[in-house]
Amino acid sequence: MPSSTRLTLHSMGFSRWLNRTVGFFVFFILDIVDFLLCFTYRTLDFFFESEWKPCYCCPPPEAKQAAAGGSRGRKMIVSERSGDYSKVVSLTRTKIHLDEISETLYSRPSLLAKLVKCFKKNAVECSDERSSSTKKKRLTVNSTVVEKLPRTPRWSDCHCTFCTSWLSSSSPSLFVNVQQPKDNKAQENVVFIHGFLSSSTFWTETLFPNFSDSAKSNYRFLAVDLLGYGKSPKPNDSLYTLKEHLEMIERSVISQFRLKTFHVVAHSLGCILALALAAKHPGAIKSITLLAPPYYSVPKGVQATKYVMRRMAPKEVWPPMAFAASVASWYEHLSRTVSLVLCKNHHLLEFLTKLLTRNRMRTYLIEGFLCHTHNASWHTLHNIIFGSGSKVEGYLDHVRDNVNCDVAVFHGGRDDLIPVECSYGVKRKVPRARIHIVPDKDHITIVVGRQKEFARELELIWRRSTTT
């Protein structure tokens, strides 16, 4: 082996060791900070909202322990734990809901938690051991949503007219930005689904102005703000599950605009929803375009939700994108603090950005990144991106076997958040998919900065889908 190669391998090994060593101490400190913030927010919530707000720091109690505490008029959340999911049944006096929440909401081990567990290991002995014949499923109460929260924003959320505009509607639906021909006679429809911590402006400020006159006269473009983002509803009592997101898209886009067929373009998180839509409406999809799809092929015998979480949020301090993803994924109260500081003051940040750049920088990305609630981002991250780890493979199988449409996948060659291997994984599952790796582009610049080029690429995909 040449000496230069050995030197390179040694340097890479040292970098990984340094990253992990520094990360060990940094994340241990963050474990302590998040632990302290837990008590801080409990106190502040009680002060501002006159009640204690439970969180996901502790495992859910057994149903038999909490059953006696229920009272008339309250909403009790009972979950049946099985595999990667907890099937959650929400019981009220009027209706029953069935949803799925990701195990990663509760199963986020930290070094601090392990130390505390060691001290408590022999403190409490279990009074009834499970027999070998006992089923693995068990009923628990999701203490996080025992009480239905009001529609009004929480004290730590933004109360501006932009973020609360949905409250004025009696029957809230998703905000949809529509661009269509002047004669309202579009021949085809295109649905755009944005990614995590984004909004419809990711499409309307980049692609919509750059489509050709021919495309604007033939296609109706519909860019949606997902539940919890932009101008769409941000309910505090929502778990932001895949089922909720899909139902809102179906109600607000497919049913509202009477779409019989449509193309779909999705970025990052939106790719999961796009594949789920394709699996549910196989005859309506004319083409699927995925940008940086978060598809991780989960090894057999590995819990899918935790595997995906560790791949996307590996608890590393470098690169910066991995560190940001780790903080957002592992620390409920730290991420709420970030949301409190940034999202609640997004108008000020937009003003400062324009002031510092002398109004030369458009702030639509800041709007998309900051106009959401912590409840929406936290649950969407875990219940959709991590929680769908075992589902995406099934969606891809369904697209391969039952959805007769063109599939195109774009990925930035320098994407530090979603590795390029994810797109190649899609290709292995759906052999007819066309993979486009764009060199020197990352998770955002796969569109931003090359919008004209990407608009032409999309038009070519749609024309090809129409002629085949």
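**Close-up views of a predicted model**

A search of the whole structure finds 18 salt bridges. The structure is a predicted model.

**View 1. Arg154 and Asp45 form a salt bridge**. The N to O distance between their side chains is 3.1 Å. Arg154 sits in the loop between strand E4 (138-141) and strand E5 (176-179), and Asp45 sits in helix H1 (residues 3-49), so the pair ties together parts that are 109 residues apart in sequence. Both Arg154 and Asp45 are buried.

**View 2. A network of salt bridges includes Arg154 and Asp45**.

**View 3. Asp406 meets Arg434 in a salt bridge**. Here the N to O distance is 2.1 Å. The pair links distant parts of the chain, 28 residues apart: Asp406 belongs to strand E10 (residues 406-412) and Arg434 to strand E11 (residues 434-438). Asp406 counts as buried because its relative accessibility is 13%, under the 20% cut-off. Arg434 has a relative accessibility of 35% and counts as partly exposed.

**View 4. Asp406 also meets Arg464 in a salt bridge**. The N to O distance is 3.7 Å. This pair too links distant parts of the chain: Arg464 is in helix H16 and Asp406 in strand E10, 58 residues apart. Arg464 counts as partly exposed, at 24% relative accessibility.

**View 5. Trp462 is buried in helix H16**. The helix spans residues 451-467. The relative accessibility of Trp462 is 0%. Which residue lies 174 residues from Trp462 along the chain, with the C-alpha atoms 9.4 Å apart? The residue is Ile288.

**View 6. Helices H8 and H13 pack against each other**. Two packed helices are described by the angle between their axes and the distance between the axes. For H8 (residues 304-312) and H13 (residues 374-386), the angle is about 115° and the axes are 9 Å apart. H8 and H13 are therefore roughly perpendicular to each other. Their crossing is right-handed.

**View 7. Five residues make a nonpolar surface patch**. The patch covers about 540 Å². Its members are Leu348, Phe351, Leu352, Leu355 and Leu356. Leu348 is found in helix H11 (residues 346-356). Is Leu348 buried, partly exposed or exposed? Leu348 is partly exposed, because its relative accessible area is 47%, between the cut-offs of 20% and 50%.

Notes: Residues are numbered from 1 along each chain as its sequence is written. This is a predicted model: local features need pLDDT of at least 70, side-chain atom pairs count only at pLDDT 80 or more; totals for chains, interfaces and linings use all residues. Side-chain values use heavy atoms; hydrogens and water are left out. Patches are made of residues with over 30% relative accessible area and no salt bridge: like charges are joined within 9 Å, nonpolar side chains (Val, Leu, Ile, Met, Phe, Trp, Tyr) within 5 Å. Accessible areas come from the Shrake-Rupley method with a 1.4 Å probe; for residues, only the protein chains shown count as cover. A salt bridge is a side-chain nitrogen of Lys or Arg within 4 Å of a carboxyl oxygen of Asp or Glu. Helices (H or I, at least four residues) and strands (E, at least two) are DSSP runs, numbered from the N terminus. Buried means under 20% relative accessible area, exposed over 50%, partly exposed in between (1.4 Å probe, protein chains only). Axes are lines fitted to C-alpha atoms, for helices over the stretch in contact, and angles run from 0 to 180 degrees between N-to-C directions. Angles under 35 degrees count as roughly parallel, over 145 as roughly antiparallel, 65 to 115 as roughly perpendicular and the rest as oblique. A crossing is left-handed if the near helix is turned anticlockwise from the far one by less than a right angle, and right-handed if clockwise.
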